[in-house]
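Me: I have not seen this structure before. Please show it, and then let us go through some questions.

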Amino acid sequence: MSKPVLVLKFGTASITKSSGEPNEPVMVDIARQVAALHPHYRIVLVSSGAVGAGKSLIRDFRGDIIQRKAAAAVGNLLLLNQYSRFFAIYGISIAQSLCERHHFANRDQFLQLKQTYEELWANGLIPIANENDVVSSRELKFSDNDELATLIAVGFGANVLMLCTSVGGLLDAEGRIIRHVTTFDEQVFGVVRTDKSSLGLGGMASKLTFAKLATRMGIRVVIFGLNEPDSIGRALRGETGTEFSPQTNTLSARNRWLGSGSLTVGQVMVDAGAVKALQKRRSLLAVGVRAIPGEFAAGEMIEIMDEHQTTVAVARVRISSEALTQQLNQQNVEVANANDIVLL
């Protein structure tokens with residue numbers, strides 16, 4: 001059998017100093033721990049930190065979008081050179097994977113990306129993924145690398161998704177790490193602090209959002225920190241950090257890809273009758289649509305919400321929002337076929 005897939009995400013605050021420069025001792029220890037796991041897993045590292053690594057070489061760095069792109073162009077090289085040096089100690093070579101949203105939104109491009117990773121793994125290489133900040137536009141960029149890591153984990157059928165944080169896990173009101181979460185409810189999201197590192201984009205709310213998606217797709221999620229010995233291995237064994245239990249999932253690879261709700265570009269709100277029809281694995285018809293927030297084109301992914309604005313499914317639509325608006329009251333107008341709908 002193939003080795004299981006493990007996706008490890010390290011944010012800017014985890015691997016850089018307060019100045020934004022890469023923290024070499026931390027990266028050395030990451031390489032040591034990941035090298036120990038390498039014989040047992042097909043590993044993807046998702047690593048932030050390129051902007052922080054490169055910003056000192058951009059004069060009068062103020063953090064605007066063009067300066068961040070320039071810093072990323074410099075920092076990606078610096079960051080990967082360091083990872084390469086530290087993994088070489090253990091005889092492991094790495095590969096760079098700069099990703100953009102369309103690599104996941106387009107099925108053909110996604111399959112090419114997956115095949116490339118399979119070839120890297122077959123040759124004993126560890127791909128290190130990051131968003132392609134140099135060219136990503138504000139509208140098309142990932143919300144943060146928690147999202148990128150989740151899309152990789154869902155799309156590649158990962159067994160475990162590990163998200164590193166500077167605080168070591170999900171903390172309760174007294175600042176203690178919550179060891180195990182089985183259900184995502186208001187109480188879980190209610191303990192999240194809204195502050196985050198000035199260096200990174202993500203925070204605990206982001207991690208919980210994508211942990212919820214990943215567990216729905218049958219992936220075990222662990223949020224952990226690097227502030228104790230053998231932290232990655234211990235978190236993987238469930239000895240530290242916060243573990244989120246996966247839900248039972250029998251979706252095909254294609255439907256897992258469809259079900260990664262981060263790919264959606266629009267929404268429709270449907271009535272209770274449409275929700276019942278979806279639950280019976282029927283197609284979504286225009287007569288069940290009550291509202292169309294936003295715009296989308298035929299072939300794009302959308303969220304399907306009930307009348308309480310709870311997302312019940314995602315789907316690839318067969319009709320644009322403009323055409324749907326004109327045909328809401330017509331019978332037998334198919335918005336999305338049952339084969340292109342994934343219940344959440």
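Me: Is Leu 113 buried or exposed?
Reply: This is a predicted model, where local features need pLDDT of at least 70, side-chain atom pairs count only at pLDDT 80 or more, and totals for chains, interfaces and linings use all residues. Residues are numbered from 1 along each chain as its sequence is written, and side-chain values use heavy atoms, with hydrogens and water left out. Buried means under 20% relative accessible area, exposed over 50%, and partly exposed in between, with a 1.4 Å probe and protein chains only. Leu 113 has 14% relative accessibility, so Leu 113 is buried.

Me: Which helix holds Leu 113?
Reply: Helices (H or I, at least four residues) and strands (E, at least two) are DSSP runs, numbered from the N terminus. Leu 113 falls within residues 107-122, and that run is helix H6.

Me: Which residues does Leu 113 contact, leaving aside neighbours within four places in sequence?
Reply: Contact means heavy atoms within 4.5 Å. By that rule, Leu 113 has these partners: Ser 97, His 103, Phe 104 and Phe 156.

Me: Is Asn 145 buried or exposed?
Reply: Asn 145 sits in helix H7, residues 145-155. Its relative accessible area is 8%, so Asn 145 is buried.

Me: With which side chain does the side chain of Asn 145 make a polar contact?
Reply: A polar contact is a pair of N or O atoms within 3.5 Å; within protein, one must be able to donate a hydrogen and the other to accept it, and residues adjacent in sequence count only if both atoms are side-chain atoms. Beyond four places in sequence, Asn 145 touches several residues, including Lys 9, Val 46 and Asn 130. The polar contact, at 2.9 Å, is with the side chain of Ser 48.

Me: How are H2 and H4 oriented to each other?
Reply: Axes are lines fitted to C-alpha atoms, for helices over the stretch in contact, and angles run from 0 to 180 degrees between N-to-C directions. The axes of H2 (residues 24-37) and H4 (residues 65-88) come within 9 Å and cross at roughly 50°. Angles under 35 degrees count as roughly parallel, over 145 as roughly antiparallel, 65 to 115 as roughly perpendicular, and the rest as oblique. H2 and H4 are therefore oblique.

Me: How many helices and strands does the protein chain have?
Reply: The chain has 344 residues, and 52% of them count as buried. Its secondary structure comes to 13 helices and 15 strands.
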